[in-house]
Amino acid sequence: MLEESQDLSKSRDLSGPHVTYRCLKYWLKGENKGQTKIFVKNLPGAPDNIKLAPDGSFWIALLELSTRGQNFVHKSRTTKHLLATFPKLINWVNGAYYKAMVVNVGTNGKIIKGFDISIGKVMSFVTSALEYENHLYLGSLNSDFIGMLPLTTSTA
């Protein structure tokens, strides 16, 4: 069963995000069928979604899930209740809502390029990235629009 955040590569193997700042690769067929290996590790954020790019590489949306201000939340039942009751308070605690980060990873698991906006004034908390016709389309749980980033620059 595929989760929404997983995608098939051109060779029909499965790659998906993992909560330890890495993505795993799982073979669906061939001589490695049923095997899993680390595809990319030490990502600069927690992978949320992974999409196949036209060239066979992958775009991975990353979240920064751990901030200094967030550590106290897990120690207090009252704080968890307050955040559940007033979800906008999470913006005060969690820096992830102010960040937008995506990376492009090759089939060898190496990061090719990335885009990191430490304070996302237009778009933040990017959860998906899809490349189409030399643009990167960005989705966010915090926005009611889709972001579009040109991947090529004009020299005219």
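You're looking at a predicted model, where local features need pLDDT of at least 70, side-chain atom pairs count only at pLDDT 80 or more, and totals for chains, interfaces and linings use all residues. Residues are numbered from 1 along each chain as its sequence is written, and side-chain values use heavy atoms, with hydrogens and water left out.

**Stop 1: the whole chain.** Switch to cartoon view and you'll find two helices and 11 strands (DSSP runs: H or I of at least four residues for helices, E of at least two for strands, numbered from the N terminus). Of the 156 residues, 39% count as buried (under 20% relative accessible area with a 1.4 Å probe, protein chains only; over 50% is exposed, and in between is partly exposed).

**Stop 2: Phe39 and Phe58.** The structure holds two aromatic pairs (rings of Phe, Tyr and Trp, using the six-membered ring of Trp, with centres within 6.5 Å; planes under 30 degrees apart are stacked, over 60 edge-to-face, the rest tilted). Select Phe39 and Phe58: this pair is edge-to-face, 5.5 Å centre to centre with 80 degrees between the planes. Phe39 sits in strand β4 (residues 36–40) and Phe58 in strand β6 (residues 58–63), so the pair ties together parts 19 residues apart in sequence. Phe39 is buried at 7% relative accessible area, and Phe58 is buried at 2%.

**Stop 3: Trp59 and Phe115.** Now select Trp59 and Phe115: their ring centres are 6.1 Å apart and their planes at 20 degrees, so this pair is stacked. Trp59 belongs to strand β6 and Phe115 to strand β8 (residues 111–117), so the pair links parts 56 residues apart in sequence.
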